[in-house]
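Work through the exercises below with the model open. Try each task before you read its solution.

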Amino acid sequence: MRKFWKFIFLLFSFLFLQNNLKAQLPFVRSIEIDKSVQDIKVQVIIQDKQRLMWLGTNKGLYRYDGSGFKLFLNKKGSDENFVTSLYCDKKGIVWVGYKSGNIFRFENDSLKNFDIEEGIPKESITGILEDSTGQMWFSTYGEGLYVWNQKHFYNINHDDGLSDNSVYCIVEDNKGIIWAGSDGGISKCSFVNKKKQIKNFSTENGLNDNIVKRLIWDKNGYLWFGTDNYGIGRLFIDSDKIEIPEAFKNWNRGSIESMLLIEHEVWIGTNANGLIDFEFSGDKRIRNFNGVDGFKYSSVQCLFRDDEGNIWIACKEHLLQSPGERIEFKKTIQGKPIANIHAVLVDSKKRVWFSDDSGLHQLSFDVDGTEQLKNFNIPNLRLPYKILTIYQDAFGFIWIGTFDQGVFRIDAETGNSVHVDDKKDLMKQSVLSVTGKQSTLWLATLSGAIKITLGDDALKLKCASQFEYYNSTNGLNNNFIYQVFPDRNNKVWFAQDGKGISMMDADGFHQFGENDSVKAKTFFSITQDRNGGIWFASADQGLYRYKTDPNVKTGKFNCYNLSNGLPSMHITGLCADNIGNVVIVCSEGIAMFNLDAETFNWFKDAEGIISVDADLNTTSFSPDGVIWIGAKDQFIELNTSIDRFRKIPFLTLEKVTAMLDPIDFSVYARIPANQNHLSFYFQGIWFSNPLEVNFQYKMEGLNRDWINTSDRTATFSDLKPGRYTFRLRCSRTNDFSRSAEVNYSFVILNPVYLQWWFITFSILAFVALVWLFLKIRDRRMNLVQRLEKEKLASQFETLKNQVNPHFLFNSFNTLANIIEDDKNKAIEYIEKLTDFFRQILVHREKDLITLEEELEIINDYVYLQQQRFEGALIIKNSITKLQAMKYKIPPLALQILVENAIKHNALTSGRPLTIELFFANEFLIVKNNLQPKINQEPSTGTGLQNITRRMQMLGFPAIEVEKTDTHFFVKLKLNETK
Amino acid sequence: MKKKAVGIFYLIIFSLLTVALGSTNTIYKTTEGQITFVSAAEFETITATSQKLTGALDTSSQMFAFYVTNNSFEGFNSLLQQDHFNESYMESEKNPRSFFTGKIIEQVTFSKPGNYGVRAKGKLNIHGVEQERIIRCDLIIDKDEIKVKSDFSIFLAEHDISIPKIAFEKIAPEIQIHVSAVLKPKSE
């Protein structure tokens with residue numbers, strides 16, 4: 001019977017839940033993968049070490065860098081490209097498992113087949129992981145598990161004790177044990193030293209369903225599982241205890257395809273009922289995201305959270321991206337749209353008080369997530385009214401400040417209200433803000449500030465001494481006060497209209513203006529951060545921060561505006577959380593300043609915030625760490641505690657090309673001068689809003705200033721030789737000072753003709769050439785000189801011979817004989833003698849004369865000698881006229897030879913000396929018979945030597961001398977006349 | 001260790017026989033399969049073959065058992081080498097046989113003739129040391145016979161076969177194995 005009632009209750013509550021779920025929803029936007037391919041269904045999503053997203057789809061593998069999707073297909077055919085699993089291993093290699101059982105690895109920009117001796121599975125690869133010992137695990141739908149220990153491939157299936165061979169997923173725990181979800185429940189597997197150990201969990205152990213499709217870990221190390229038919233549950237792996245959350249005991253939303261754990265929530269992607277969010281700690285509420293913003297999440301195949309905190313939702317029809325639970329929107333309350341919120345306060349019991357045009361309301365949530373809305377009727381509030389501010393004092397009372405009707409104090413539980421009367425004109429004042437600290441309250445009005453001291457008996461509000469007034473008459477600059485802020489150091493700050501900031505401490509009032517580098521005149525709100533810094537929102541000059549230097553004890557103002565990271569100048573709200581963030585509500589979005597990182601992060605249109613348009617007192621910090629912002633038509637909940645994600649774009653230099661050829665930029669490059677056309681390809685990965693990313697680059701050695709661009713390439717043509725460093729940084733704003741930087745140094749080499757070694761070589765070569773030239777010239781000069789010398793020597797020799805007393809004596813003796821016998825002949829003799837001397841004189845200067853001319857000298861000479869020796873000297877000249885004209889010869893060469901022959905031989909009529917001149921084989925031969933004299937005429941011995949040297953110097957071949965018993969030969973090779 | 005392995009072997013043969021008694025048609029057997037090993041070392045290539053590979057395959061359970069008597073290998077480069085093989089490396093007296101027993105991973109339709117590339121998962125016992133292995137084979141199924149062909153490799157170190165230092169350049173650490181056998185239905 002009790003069971004029956006429980007059933008009825010659950011059924012009832014479920015029906016109730018369906019209609020009245022807490023309806024804050026995260027923002028989602030759709031991302032188009034590939035227009036050219038129809039019906040792409042994303043099966044699995046991962047992010048690699050380079051922060052790139054990988055999407056495994058039924059049409060192949062896609063990679064996304066924020067600017068575009070790139071498709072990678074393996075070469076096995078179109079039906080072999082259905083990706084079912086992806087994994088990025090510790091080295092950063094992406095593993096791809098296919099429905100066909102194929103396994104590929106993405107290396108060097110292409111897919112490489114994972115080919116092993118054992119052969120790869122034939123069933124769909126449903127999961128891949130690398131365990132802590134470096135073994136690769138693969139789960140298959142049909143063949144169980146596989147382990148690859150870098151050497152062999154091992155199988156673990158039903159025969160080894162695995163409860164079922166159809167495995168959906170694998171995960172590793174912190175002890176290196178692998179947990180598998182299959183058609184047979186959950187299996188705990190290990191493979192150490194080739195030993196398989198398996199323990200199975202099924203319905204017998206308390207599982208709600210034996211078909212376990214998804215497994216994920218939570219922060220505490222509990223294993224959450226999603227089943228086919230019975231929802232989710234968790235396994236405490238230390239105790240093997242299984243727990244099914246109460247809310248899932250009557251699950252009716254069908255098969256679970258995907259799960260994602262975010263802080264205290266599990267997002268559950270179902271096969272047919274969209275996306276469901278379960279908060280497992282705290283409120284334990286369930287939310288259904290189906291149908292948000294017009295998207296139908298019928299089947300959610302895959303959920304993934306990237307390192308920026310974006311949640312990727314792969315549905316049947318779309319790929320969606322969401323900032324997740326960090327920022328959520330509430331557009332309706334109990335089905336009614338929200339409109340014109342004027343003030344918001346989250347009280348100590350997490351109830352949300354807000355005012356709109358219809359009055360004051362209180363929104364709260366039951367344990368099961370049901371919204372409760374309470375409207376407060378304030379009897380003394382006259383129509384029309386406007387509640388400008390809501391505050392909760394230290395005693396739990398709610399205070400509201402109104403336009404023209406002062407303040408009211410309301411009992412948060414009973415709703416009883418008191419119109420606060422100071423016996424002056426407070427009841428007619430416009431109270432722009434109510435703030436306070438402990439038992440002190442501060443009202444900001446249009447005629448100054450009012451301090452209310454609450455007595456020990458908080459209910460007593462009747463004593464006039466409780467009210468203190470501050471205005472332009474007693475210290476303030478102005479009577480128009482937007483907010484009074486008592487800080488933790490007992491200073492009270494006043495945000496004034498047109499007159500800057502005033503501060504009151506024990507010493508009295510202090511004013512801050514231009515002298516303190518505070519340019520702004522009008523301030524709306526003030527807050528104090530965790531570290532004690534005071535923040536001021538100005539109307540038009542951005543944000544100011546007052547920080548006290550602990551050493552000097554004096555404070556200093558810093559201004560934040562568009563130039564140093566503040567995304568907008570129109571600030572309406574300011575709120576600090578307790579973990580070190582200051583939230584700034586602007587008209588274009590919400591910014592968060594992190595005190596540790598000293599940087600702004602923000603949520604804008606990419607996160608679903610199109611226009612905040614909030615009133616001044618609509619930002620409130622809830623005790624559970626969430627900041628509530630009431631905007632014109634919605635509540636925005638900002639969860640500042642989830643702040644572990646990357647906030648700046650991940651900058652990578654993807655490629656560097658020289659003359660369009662990629663170069664290895666991991667090392668210092670030496671680039672030849674003729675390849676000085678360089679292009680740099682880079683990426684700043686920021687999936688939250690890729691369009692937001694700006695780059696700045698500077699080529700040190702060329703550029704003096706940074707160059708801004710939103711392009712992903714930078715090209716430099718015709719870089720001069722020299723050393724360069726390419727510096728690159730990126731940012732989401734114009735402020736690059738906190739950006740990561742990528743550097744790449746290289747050198748453009750001098751062209752060859754400017755290289756030091758080339759110059760040295762050239763100089764050496766030139767010197768060598770000059771030296772060689774001089775050397776040759778020197779040798780030629782020597783030759784000419786020697787020739788000249790030889791010639792002179794020869795002339796001298798000849799002359800010496802001809803004026804030799806013997807020759808003259810012999811000649812005159814002969815002449816004396818002839819004169820007596822024949823007068824005419826004597827005249828002829830004298831003529832010949834004269835002719836002979838004349839020819840010697842004519843030719844002695846020349847290097848060469850024709851053979852014909854030489855023969856004339858010989859004729860004269862022989863005539864003279866024949867007159868002396870009569871028949872004892874016979875000359876046989878067989879040189880033809882043609883030959884005589886053809887050849888050249890050094891002057892007197894033949895004459896000296898003939899003279900030698902006469903000189904060295906005995907001449908008698910009985911044994912005449914026969915001298916023959918003839919050509920044989922191109923050689924001029926002077927031949928005479930050998931009959932040596934007994935008394936040799938004195939010989940200088942220089943005749944033959946002289947001819948030989950002279951002919952050598954003129955380039956003639958050497959003279960050959962041959963001596964037989966009977967004959968003497970001289971062979972001369974002559975040059976032809978040109 | 002060795003006793004245990006031999007024990008397992010007999011157990012399997014026994015279980016095969018009992019299965020065979022149950023449904024005679026599903027057992028295919030051979031006693032003259034061919035198994036060749038090649039050791040391609042830097043300085044010497046050793047090849048030896050046995051024609052006495054014995055095995056059985058149960059087509060209904062997809063279980064199989066194969067063994068070869070170590071001293072049936074012939075064709076060594078020298079008689080001395082064969083002696084070394086039997087005495088030093090295989091220790092054939094202690095471990096007379098090498099086995100491979102297990103089950104085919106994928107479902108094979110044995111009733112349908114054709115070529116099937118399958119993976120046999122089982123225990124490979126050489127030199128008395130058992131290693132779990134997956135071995136790729138081709139099954140050529142005909143009406144009355146199943147041809148089995150397989151090429152795989154074994155690492156000597158995995159089976160505790162140590163090579164003396166002097167023989168390092170003559171014996172490869174990884175041995176290539178080629179198997180070819182024709183299995184016929186078990187006769188009555």
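The exercises go from the whole chain down to one residue pair. Keep in mind that this is a predicted model.

**Exercise 1. Find how many helices and strands chain A has.**

Solution. Step one: count the helices. Chain A has 8 helices. Step two: count the strands. There are 76 strands in chain A.

**Exercise 2. Compare the radius of gyration of chain A with that of a compact globule of 978 residues.**

Solution. Step one: take the reference. A compact globule of 978 residues would come out near 30 Å. Step two: take the model. Chain A has 57 Å. Step three: look at the spans. Along its principal axes, the C-alpha trace of chain A covers about 185 × 90 × 45 Å.

**Exercise 3. State what share of chain A is buried, and what share of its contacts link residues 24 or more positions apart.**

Solution. Step one: burial. A residue counts as buried with 20 or more other C-beta atoms within 10 Å of its own. In chain A, 39% of the 978 residues count as buried. Step two: contacts. Take those with a separation of 6 or more; 53% of them join residues 24 or more positions apart.

**Exercise 4. Describe the open sheet of 4 strands in chain A.**

Solution. Step one: order. The strands run E7-E8-E9-E10, with antiparallel pairing. Step two: edges. Strand E7 (83–88) and strand E10 (110–113) each pair on one side only.

**Exercise 5. Find the bridge partner of Trp95(A) in E9(A).**

Solution. Step one: locate the strands. Strand E8 of chain A spans residues 94–98, and strand E9 spans residues 103–107. Step two: check the pairing. E8 and E9 of chain A are antiparallel over 4 bridges. Step three: read off the partner. Trp95(A) is bridged to Arg105(A).

Key:
Residues are numbered from 1 along each chain as its sequence is written. Chains are lettered from A and ligands numbered from 1 in the order in which they are written. This is a predicted model: local features need pLDDT of at least 70, side-chain atom pairs count only at pLDDT 80 or more; totals for chains, interfaces and linings use all residues. Two strands pair if DSSP finds at least two bridges between them. Helices (H or I, at least four residues) and strands (E, at least two) are DSSP runs, numbered from the N terminus. The radius of gyration is taken over C-alpha atoms; the globule rule is 2.2 Å times the number of residues to the power 0.38. A residue is buried if 20 or more other C-beta atoms lie within 10 Å of its own, exposed if 12 or fewer, and partly exposed in between; C-beta atoms are placed from the backbone. Two residues are in contact if their C-beta atoms, placed from the backbone, lie within 7 Å.
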